[in-house]
Amino acid sequence: MAEPKENLQMEKIVSLCKRRGFVFQSSEIYGGINGFWDYGPLGAELKRNVKELWWNAIVRRREDVAGLEATIIMSPAIWKASGHVDTFSDPMCSCKACKKLIREDQWWPMMCEQPWVQSLAAIVAPGTNELRGEELLKWAKTKGKSFAPNLALVKNPEVTLSWMAEDVAKGKYPANAEEYYSYLATEQRGVTGLVKPCPHCGGELTEPRPFNLMFKTHTGPIESEENIAYLRPETAQAIFAQFKNVLETSRQKVPFGIGQIGKAFRNEITPRNYTFRSREFEQMELEFFIKPDEAIEAIHGSVATVSEAGHPGEPQPNWGWQAWHQYWVEERVRFYEGIGLSRETLGFHRQTAEELAHYARACVDILFKFPFSKRDENGELKGEELEGIAARSDFDLSQHQRFSGKPMSVFDDELRNAWNKLPKEKQDDLWRRYYENRKRYLEKSGVEAEPAQKQATEDANGLAKGNYIPHVIEPSAGVDRLILALITNAYSETVKTDDKGKNETIYLMKFHPRVAPIKVGVLPLLKNKPDLVKKALEVRDLLRPWMNVYYDDGGSIGKRYARQDEAGTPFCVTIDFDTLGEKTELLDTVTLRYRDDGQQERLKISELRDWLLARIR
RNA sequence: GCGGGUGUAGUUCAAUGGUAGAACGGCAGCCUUCCAAGCUGCACACGAGGGUUCGAUUCCCUUCACCCGCUCCA
């Protein structure tokens, strides 16, 4: 349902963002560029705050995570190993009649599911020269008309059937079912050649065109096939590629993580919903490496079990992937709560077995309910993905080990010692399970059965000696999506009637103090009293080394408060005559005014800095 | 990529085949003892390109961007 009210809400937010300098259209003076957005002064501060909070929470304040900052352009081999070169360049066809887009490799699977194809199955006889023209004609005039109205056989059965009959007479007939349906979709073979039918309506599909979702460029000034490079479509792969280097230099041991913040680029088909789906965007990704469950079981006897709800507490040595996955989901939710996104504004989506990539064990998406979000069957806002927390098994490191030929396994002393003390049956059981997992991965990745068995045997033997490829839990968040979530969450408006009885709308950005672009506004009560101005500038300079301060002496005091409200500044301090000692007991105190309710209190200048720091950190 | 809609100061909106106005906002000055007060002044727009026309912001075409729907989202 298109909710005009919600569109209006989004429009007002967009307009405020422009007006106050949160977000501008990229290249605006040249008419803009589709899918790219810039952050203005307030947006830039907001984004820096968010990234710094993430970096502090994930990297600096933890013992078990190290940071990384990799390049955007990397060896193209990385994207072959990760699968992006293949999955990002699917050829697509579109239907000339109903305009739907079809992935070429999904055309036949989709066809097989269509009722009209199924109803034809009894009639079509591929691989023979039997053309059941009568039955086809009858089908075209009955079922075909309702199921596949744009199919050539339905639109113009005589023409289609006549050239098919000619071909069959000459001994040319469709060799398989796929080709048979192309025959049925082709009206004028001489003009168009054989065309494929649209699974939805039977209409003519265009030739497949390459859809490349990665930005392509060339290293070096000469553009040639040999020096093609890609702008990274995600930051994660750099972490996997540098896994060994970080491990060796950071003095970390599994379990540990590598965090990275950085730009990524995707040629989205349809950039939409303001900055939500941009072609250039920033990610905050953590790859948290853990021991395989078989290693945990060898060392600790069993793997800890966790319920699917709630934070499982401090990490424990006997945690397997499920506990770690649950832990990171809850850690990330706490992060969002800590910057003002309450659980009620968030949504959760646990990916189903069908949605999961073949190598993934689980994935939980954290959603935010945007004004443009769709509603589900029950009328509830579903929300859009802010972050996905995936349990990705040992797939990524395994891929890079296979493609680069460099070992990605780690040696675990504890595992080796524990293994040797295990009873034989336990050893065999763990060996077998590890072997099966490795074999499944290798076979899924296209390795032949025999070499896969050989490699899996080697891997399982390695486990018995204390070697394994770490598994990974991946919390991957979109910065720009989070910024948009924070902005829409903060936005509020109230209608106020002024002294003259005129209604005006008051806009207020209720950012959490931790993310607010400006932390405090410093205002002299009056501009034309030099003593007030001088004192106010002193307060500004006192606070400026510690936080983003905004000094304002323009217009009336009320107007200045209103300006800060729209910028989302949580606190303002006003220097008045009492500050200067008009009431001696109030000397060197200021008015502190809260953004959200306009409440005021009196605070000593000497206490101001610590008071503010306690609330913005 | 496809279909529909939109495009006028920073924002929200007017008007017009012949000089484009307002409100709010911004800036400067005066004033102002706590929530967009007042006064004075200033700056700022027809998305871009082409065509029709004596003359186009207005009509036509193209393009770009934004919004809605379809498609895609590892």
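Which residues lie nearest the centre of the second largest pocket? Of the 28 residues that line this pocket, Asn-49, Glu-52, Leu-53, Asn-56 and Arg-514 are the ones nearest its centre. The structure is a predicted model, in which local features need pLDDT of at least 70 and side-chain atom pairs count only at pLDDT 80 or more, while totals for chains, interfaces and linings use all residues. Residues are numbered from 1 along each chain as its sequence is written, and side-chain values use heavy atoms, with hydrogens and water left out.

A pocket is here an open set of points on a 1 Å grid over the protein atoms alone, where a 1.4 Å probe fits, with protein on both sides within 12 Å along at least five of seven lines; lining residues have an atom within 4 Å of a point. The volume of the second largest pocket is about 770 Å³, taken as the space filled by probe spheres set on the points. Helix α2 (41-60) contributes nine residues, the largest share of the lining. At least two residues each come from α2, α16 (321-338) and α24 (605-616); helices are DSSP runs (H or I, at least four residues) and strands likewise (E, at least two), numbered from the N terminus. The lining consists of twelve nonpolar, four polar and twelve charged residues. In this division Ala, Val, Leu, Ile, Met, Phe, Trp, Tyr, Cys and Pro count as nonpolar, Asp, Glu, Lys and Arg as charged, and the others, Gly among them, as polar.

Strand β11 (residues 280-290) is largely enclosed by the rest of the structure, because ten of its eleven residues are buried. Buried means under 20% relative accessible area, exposed over 50%, and partly exposed in between (1.4 Å probe, protein chains only). Glu-282 in β11 stands opposite Lys-263, and Gln-283 has Gly-478 in β17 as its bridge partner.

Ser-398, in helix α17 (residues 395-404), is buried, with a relative accessible area of 2%. Beyond its neighbours within four places in sequence, Ser-398 is in contact (heavy atoms within 4.5 Å) with Arg-438, Tyr-441 and Ile-469.

The whole structure contains zero disulfides, a disulfide being a pair of cysteine sulfur atoms within 2.5 Å. The sulfur of Cys-17 is too far for a bond, because the closest cysteine sulfur, in Cys-572, is 20 Å away.

How values were computed
Chains are lettered from A and ligands numbered from 1 in the order in which they are written. Two strands pair if DSSP finds at least two bridges between them.
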